[in-house]
There are 4 protein chains.
Amino acid sequence: MPQLVIEGQIVRDNLLQAINRFMEERKLRYSIVDFHLGARNEDPSSVIIDSDIDPEGMDRLSELLKDKGAWLLGREQGNPVLLPSEKDRTVPDNFYSTTHHPTELFLNGKWVPVRDMRMDAVLSVEGGGVVCRKLRDIKKGDLVVCGTRGIRIHPPTEKTRLEEPFAFMGAEVSSERRTDLAARTLAAEMKRIGAAKGKIVFVAGPVLVHTGGGEAFSSLIKKGYVHAFLGNNAIAVHDIEADLYGTSLGVDLQTGLPASGGHKNHMRAINAISKAGSIKEAVEQGVLKSGIMFNLARAGVPFSLAGSIRDDGPLPDTEMDLLKAQENYAALLKGAELVVMLSSMLHSIGAGNMLGSQVKVVCVDINPAVVSKLRDRGSMQTLGIVTDAGLFVKALDENL
Amino acid sequence: MPQLVIEGQIVRDNLLQAINRFMEERKLRYSIVDFHLGARNEDPSSVIIDSDIDPEGMDRLSELLKDKGAWLLGREQGNPVLLPSEKDRTVPDNFYSTTHHPTELFLNGKWVPVRDMRMDAVLSVEGGGVVCRKLRDIKKGDLVVCGTRGIRIHPPTEKTRLEEPFAFMGAEVSSERRTDLAARTLAAEMKRIGAAKGKIVFVAGPVLVHTGGGEAFSSLIKKGYVHAFLGNNAIAVHDIEADLYGTSLGVDLQTGLPASGGHKNHMRAINAISKAGSIKEAVEQGVLKSGIMFNLARAGVPFSLAGSIRDDGPLPDTEMDLLKAQENYAALLKGAELVVMLSSMLHSIGAGNMLGSQVKVVCVDINPAVVSKLRDRGSMQTLGIVTDAGLFVKALDENL
Amino acid sequence: MPQLVIEGQIVRDNLLQAINRFMEERKLRYSIVDFHLGARNEDPSSVIIDSDIDPEGMDRLSELLKDKGAWLLGREQGNPVLLPSEKDRTVPDNFYSTTHHPTELFLNGKWVPVRDMRMDAVLSVEGGGVVCRKLRDIKKGDLVVCGTRGIRIHPPTEKTRLEEPFAFMGAEVSSERRTDLAARTLAAEMKRIGAAKGKIVFVAGPVLVHTGGGEAFSSLIKKGYVHAFLGNNAIAVHDIEADLYGTSLGVDLQTGLPASGGHKNHMRAINAISKAGSIKEAVEQGVLKSGIMFNLARAGVPFSLAGSIRDDGPLPDTEMDLLKAQENYAALLKGAELVVMLSSMLHSIGAGNMLGSQVKVVCVDINPAVVSKLRDRGSMQTLGIVTDAGLFVKALDENL
Amino acid sequence: MPQLVIEGQIVRDNLLQAINRFMEERKLRYSIVDFHLGARNEDPSSVIIDSDIDPEGMDRLSELLKDKGAWLLGREQGNPVLLPSEKDRTVPDNFYSTTHHPTELFLNGKWVPVRDMRMDAVLSVEGGGVVCRKLRDIKKGDLVVCGTRGIRIHPPTEKTRLEEPFAFMGAEVSSERRTDLAARTLAAEMKRIGAAKGKIVFVAGPVLVHTGGGEAFSSLIKKGYVHAFLGNNAIAVHDIEADLYGTSLGVDLQTGLPASGGHKNHMRAINAISKAGSIKEAVEQGVLKSGIMFNLARAGVPFSLAGSIRDDGPLPDTEMDLLKAQENYAALLKGAELVVMLSSMLHSIGAGNMLGSQVKVVCVDINPAVVSKLRDRGSMQTLGIVTDAGLFVKALDENL
């Protein structure tokens with residue numbers, strides 16, 4: 001009967017349960033022969049199991065363990081299988097599809113870390129290294145990693161899951177949590193990252209402006225807590241509309257009443273920026289004098305606006321070629337330690353796909369389904385705060 | 001061809017459209033013979049119509065107009081039909097079912113206002129007057145108003161609909177509104193009512209405590225803005241739990257983390273109050289020293305806790321006989337000028353049913369469906385604010 | 001250094017992780033000395049740990065393990081602490097607050113199962129046995145179990161969690177699941193339980209009628225799949241309104257349009273039943289001829305209607321004394337193997353509180369928050385299906 | 001005092017109320033001098049008003065009336081103001097921003113209908129005619145309509161609002177409606193349109209596949225009720241994943257359980273189509289054999305997939321240049337009589353922006369906020385059905 005040696009965070013990641021379930025489902029017999037607990041909490045543990053598993057089962061088990069950042073040591077690990085792509089934008093059928101966890105490939109006798117790690121991509125061996133590529137970027141002849149041999153991944157430890165500061169948010173997404181406490185905790189985390197010269201990126205949708213959070217968010221920019229900004233056409237349009245005409249979607253921000261003729265203000269805002277040439281030029285020409293986009297431009301914070309099928313206009317700054325927009329997003333997210341997503345499901349999922357699992361993600365939305373969806377799609381490190389974006393950003397600003 | 005004289009707020013309430021639709025649906029011919037607009041905006045207008053309508057149609061039209069606060073003058077109005085109840089808790093089949101608008105009955109040649117007006121009840125003539133009774137309070141022999149003859153009702157004018165201060169909330173229920181503006185406006189309205197010695201009643205659910213609004217709400221009580229308080233067993237239990245053990249549903253309110261053994265704290269809170277005898281006695285004995293219930297008791301603000309099928313315990317103060325609980329609620333709501341409902345669908349609907357349409361109602365909930373439901377069930381004067389209850393009450397307190 | 005022997009479903013319930021976290025949080029040193037895996041999957045495993053834990057820590061650890069159905073064997077277990085109640089409706093301060101899992105007490109040298117197990121209650125020793133009592137039912141002098149000594153609980157195994165048939169629903173509550181598959185699976189489970197003479201109880205709210213599920217639900221009753229029915233006043237009123245007048249909340253069920261004068265139909269329905277005396281009498285007198293309540297009465301299925309603060313009328317069958325209503329619910333739920341909850345948050349939580357964790361619970365609601373709430377409050381065995389109640393019951397009926 | 005003659009659907013569109021409110025807000029005095037009701041229901045009515053309004057007020061009133069399809073006849077109407085654009089993609093500051101209602105411009109003494117009408121665009125006079133252009137399509141020198149003079153618009157009459165078949169859905173968006181009735185009614189409307197050779201377009205998101213509606217939707221295609229299909233990358237990917245591997249997002253569609261290695265199936269699906277070249281080629285090569293995309297391709301139904309910032313892959317058929325994608329959408333929507341939107345907020349809003357108000361729109365989503373948002377953004381003719389997309393399409397198919 002083959003003997004398997006499994007190494008990983010066996011206790012923390014509950015691997016015995018997963019193995020037990022795996023064996024039961026396949027009606028395999030097994031027994032635990034030995035169990036070594038790591039000396040310190042962060043050390044890997046190992047377990048030795050006897051089982052009547054066959055080679056195909058071992059492949060499946062290996063895949064399962066890899067998903068959890070563990071690996072089989074009791075079998076010939078060997079080198080990964082590398083096969084060439086036969087056509088641009090395609091890979092061999094049994095290609096390895098990536099997670100968003102830090103990953104290593106066993107190349108030439110040692111573990112080599114994968115560069116540009118992201119979810120739902122493939123691994124391509126280039127030079128002596130290995131890089132994570134989107135399917136559409138694969139060229140005919142690229143060497144693509146297939147199967148699961150010679151790969152190991154490192155899911156986040158408890159600490160990188162933000163568990164310490166945000167433990168109270170729990171796994172369940174609920175509107176029945178103390179949001180003032182969440183604001184205070186996020187503020188403390190932002191201060192800590194700021195002090196350590198870490199990078200904080202914000203993703204936001206127009207609801208931030210509609211719910212009156214524009215001023216508080218501008219304050220965050222001025223205080224230096226926004227290091228890059230990702231958004232859609234609409235948030236920029238409505239922010240600029242607020243600056244130029246005092247309305248948001250035609251509604252007067254001071255009185256809350258529809259302004260006379262206000263329904264065309266968002267089109268007027270687009271027209272004004274188009275006349276100036278771009279947001280930056282509008283700021284330089286004194287056309288735009290306040291608000292989120294003004295403060296981003298004045299503070300020199302890089303931003304990227306990505307287009308969507310529903311965009312009017314759009315603004316000259318909005319990138320309607322989404323291949324380029326995805327590249328812009330990825331470039332601004334590079335090196336982020338914390339990403340805060342405010343009321344924008346689509347752009348949050350888009351940004352989430354580009355993030356390695358070591359990045360802390362906080363998602364604020366009044367709709368609990370948005371956070372659930374983000375987690376469903378793999379960004380398990382996401383912490384959700386179900387609340388009103390405008391009031392939340394105010395509370396955040398008061399704590400910074 | 002009969003000639004109908006219709007009197008009411010023809011312009012403001014769009015009666016011509018309603019009449020036009022009514023005639024079309026029944027394929028009746030009609031023409032407008034004359035139209036008198038009231039001299040001032042508040043004055044009723046009248047319209048004279050020729051139509052081939054039959055008596056049954058006139059009854060239906062009369063019913064339709066009554067729903068809108070208008071009435072037919074061009075037909076014999078006569079006295080209302082009064083029939084005796086044949087059995088306790090029952091009424092004759094064609095009984096008149098009330099709206100929650102101020103209503104008058106034509107008795108002995110003059111219009112007499114109905115006392116204790118509420119929705120989904122019946123009219124009973126007693127002494128020389130007329131009173132609104134719940135079905136279950138009707139006794140055999142009571143004279144019940146039947147049909148629609150001799151009744152006229154007065155829906156709220158624009159002004160009592162809070163349109164001036166809250167116009168910006170609009171009819172649509174949405175989470176994309178400025179909630180800080182809503183808080184500021186509600187605060188101003190509360191100040192105005194407070195200065196005029198008007199009565200403000202709050203209805204609240206436990207989410208107010210879970211989302212951290214307890215302290216701010218206590219501040220509202222201390223400032224004198226809470227004149228009566230309606231709630232369920234749970235809000236009192238979790239508020240007391242917060243005072244005695246610093247947790248809400250077992251979660252530490254300072255750290256947000258589950259407290260060790262905290263899951264039993266709400267049962268301990270009930271036990272502590274039961275030992276003291278009641279909330280009031282717990283305050284007097286120094287057992288309860290802070291929080292919403294403490295401040296209500298200390299300030300002498302009357303409160304009523306109504307039971308529900310899900311209640312643990314309950315607290316000795318919670319009324320589990322709902323006939324009595326409904327009476328308690330109705331008594332505390334009497335004379336209210338403004339009712340603010342915080343995160344409690346069931347108790348909000350319960351209170352809403354008891355309110356005349358002249359009372360201003362503001363409903364705050366993170367779930368837009370709650371406000372929609374409240375309006376669906378007839379409380380059309382309700383203004384909904386879709387936001388986080390805890391943060392909202394804080395914003396409200398900061399503006400008072 | 002004390003040595004702890006811990007026994008339980010160590011692998012399945014991930015106890016090593018829990019212990020590890022417990023030790024870390026308290027900065028305790030510990031090492032695993034030995035680990036015995038149970039021979040078969042259902043057998044308990046045991047682990048022996050050396051740790052510098054103190055007696056207070058051992059109490060806390062014991063409490064933690066109990067919550068998970070495990071226990072410390074390496075310390076003096078002894079007899080439970082029993083203290084008398086000093087006042088009706090109260091218990092000693094350190095009383096044991098129950099979970100809804102099957103529980104045993106160590107009495108006179110052996111483990112005795114607790115009767116009438118339910119959540120958030122206390123244990124009272126009477127005669128030679130032990131019974132679970134609601135706080136309000138405790139009388140002065142009753143012997144109440146305090147602390148956590150001598151108690152062991154048995155959380156559901158995987159199988160009773162319905163994991164096999166409903167595994168696909170997963171832990172996350174989402175509207176993005178195949179609801180036709182859920183209907184098919186629930187139907188199969190109902191057939192299985194029906195064939196084995198098991199008991200199926202339904203809890204339902206008025207949305208079942210509004211969304212057009214009344215006919216399909218009546219079919220379930222006729223086919224013998226409804227063994228008890230729990231609901232509020234509103235579902236009965238609207239079901240009867242549908243039978244008598246063809247409307248639900250005044251809306252014609254055939255055309256979907258508001259019926260002329262329809263807004264008073266629910267009051268007419270209450271009046272009609274009040275005249276007959278009760279629902280059963282209305283069926284016998286031929287007043288009520290179809291619908292859910294009719295079919296329940298004709299088939300002799302026991303039902304209980306519990307009142308709420310928002311009830312109009314109510315129907316003579318609706319119990320407005322909620323202490324009695326809770327008893328009625330508990331009596332009908334007794335012996336249930338499966339409880340299906342349809343679109344009624346309040347009554348679902350109410351029923352959920354009364355159920356032992358071995359009972360399968362399926363909760364159907366269009367609002368994901370309802371299921372999340374039910375699970376938050378402890379009914380972790382609940383499986384949620386986020387869909388339209390009317391269409392779901394139709395799909396269920398088609399599969400039976 | 002100037003005399004205003006206002007012509008339009010004064011009764012149906014409640015213009016007197018709007019005028020009354022307008023006058024009150026500006027503290028203008030006015031009196032109704034005469035009122036002519038149109039002979040038949042569809043005929044315009046007119047009203048003559050004396051008022052102390054000034055020219056600026058007349059402009060505002062004119063704008064207000066235009067929004068409602070009415071116009072001032074009592075003032076010099078004259079020709080529209082036409083100004084040239086000074087720069088590509090920009091228009092003069094007081095440009096006229098379009099509604100989505102059919103619109104006419106007063107050119108050379110007669111009313112000329114605007115071509116390619118859509119919302120939030122501008123009017124450009126070219127040749128002897130007038131065309132609706134998106135801001136970004138305006139070239140320097142184009143003659144743009146400014147102000148509100150010489151424009152009249154025609155909002156939908158009651159009938160084109162689908163009021164007859166769908167009146168029961170009402171204006172309020174609620175999950176408490178009979179969805180089987182909605183399915184039956186929509187089916188009848190689709191039959192009617194189909195029989196009259198009208199065009200029906202569907203917009204759909206991936207939830208349609210996740211909730212199991214793929215098969216029923218394929219049946220609609222086969223029956224000839226889908227004349228064009230708009231969607232995002234995800235619905236095509238998950239539909240193809242279902243065909244090739246029997247999973248949706250890695251979940252087995254038969255068992256509902258996660259398939260082993262299933263998380264990479266959506267990437268495998270993209271890879272398979274990329275290898276074939278396109279969806280059409282995959283169908284021709286026998287790679288793709290069932291499902292929505294297969295049936296669309298086989299039946300020759302035109303479809304357009306529009307990219308988004310969150311897209312993996314994407315499929316070779318997905319257009320990532322959103323300017324082109326918007327053109328594709330607009331081309332397929334041209335001539336549509338009915339557009340049915342299934343569970344896709346973004347693409348529904350996108351398509352909604354491109355539709356004239358005479359097009360019937362039905363929006364099906366389990367989240368009431370989606371429909372509310374669609375209406376908020378101007379597509380007031382939208383009828384919302386809050387239900388489970390998968391079950392709804394099944395019910396729809398059963399009625400066709």
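Copies of a chain are superposed by least squares on the C-alpha atoms of residues with pLDDT of at least 70 in both. The structure is a predicted model, in which local features need pLDDT of at least 70, side-chain atom pairs count only at pLDDT 80 or more, and totals for chains, interfaces and linings use all residues. Residues are numbered from 1 along each chain as its sequence is written, and chains are lettered from A and ligands numbered from 1 in the order in which they are written.

**View 1. Chains B and C.** Chain C is superposed on chain B by a rotation of 180° with 0.0 Å of shift along its axis, at an RMSD of 0.1 Å. The C-alpha of chain C nearest the axis belongs to C:Asp321 and is 2.1 Å from it. The copies meet through the same surface, because 100% of the interface residues of chain C are also interface residues in chain B. Contact between two residues requires their C-beta atoms, placed from the backbone, to lie within 7 Å.

**View 2. Chains A and D.** The same surface serves both copies, as 100% of the contact residues of chain D recur in chain A.

**View 3. The side of chain D that touches chain A.** In this pair, 40 residues of chain D are in contact with 40 residues of chain A. On the chain D side, α2 (55–67), α8 (265–276), α11 (322–333) and α12 (345–353) each supply at least two residues. Helices (H or I, at least four residues) and strands (E, at least two) are DSSP runs numbered from the N terminus. By class, the chain D side has 15 nonpolar, 14 polar and 11 charged residues. Here Ala, Val, Leu, Ile, Met, Phe, Trp, Tyr, Cys and Pro count as nonpolar, Asp, Glu, Lys and Arg as charged, and the others, Gly among them, as polar.

View 4. Chain A contains 14 helices and 20 strands. Of its 400 residues, 56% count as buried; a buried residue has 20 or more other C-beta atoms within 10 Å of its own, an exposed one 12 or fewer, and a partly exposed one a count in between, with C-beta atoms placed from the backbone. Among the contacts of chain A with a separation of 6 or more, 64% are between residues 24 or more positions apart. The domain assignment gives domain 1 (1–75), domain 2 (77–155) and domain 3 (159–398), with bounds that come from an automatic or database domain assignment. Eight residues of domain 2 of chain A are in contact with seven residues of domain 3 of chain A. The domain 2 side of this contact divides into four nonpolar, two polar and two charged residues.

**View 5. The three-strand sheet of chain A.** The open sheet has the order β7-β6-β11 in chain A, with antiparallel pairing; two strands pair if DSSP finds at least two bridges between them. At the edges, β7 (110–113) and β11 (151–153) each have a single partner strand, so one side of each is left without a neighbour in the sheet. A:Leu105 stands opposite A:Val112 in β7(A), and its bridge partner in β11(A) is A:Ile151. A:Phe106 stands opposite A:Trp111 in β7(A). The hairpin of β6(A) and β7(A) has two residues between the strands, and A:Asn108 in the turn has a positive phi of about 50°.

**View 6. The four-strand sheet of chain A.** Antiparallel pairing joins the strands of this open sheet in the order β5-β10-β8-β9 of chain A. The edge strands are β5 (81–84) and β9 (129–133), each with a single partner strand, so one side of each is left without a neighbour in the sheet. Strand β8 (residues 122–126) of chain A and β9(A) pair over five bridges in the antiparallel sense. A:Val130 in β9(A) is the bridge partner of A:Val125.

**View 7. Helix α10 of chain C.** Six of the eight residues of helix α10 (residues 292–299) of chain C are buried, so the helix is largely enclosed by the rest of the structure. The buried residues are C:Ile292, C:Met293, C:Phe294, C:Asn295, C:Leu296 and C:Ala297. Their cover includes α6 (214–222), β13 (228–232), α7 (233–245), α9 (279–284) and β16 (303–306) of chain C. C:Gly300 follows α10(C) and has a positive phi, near 70°.
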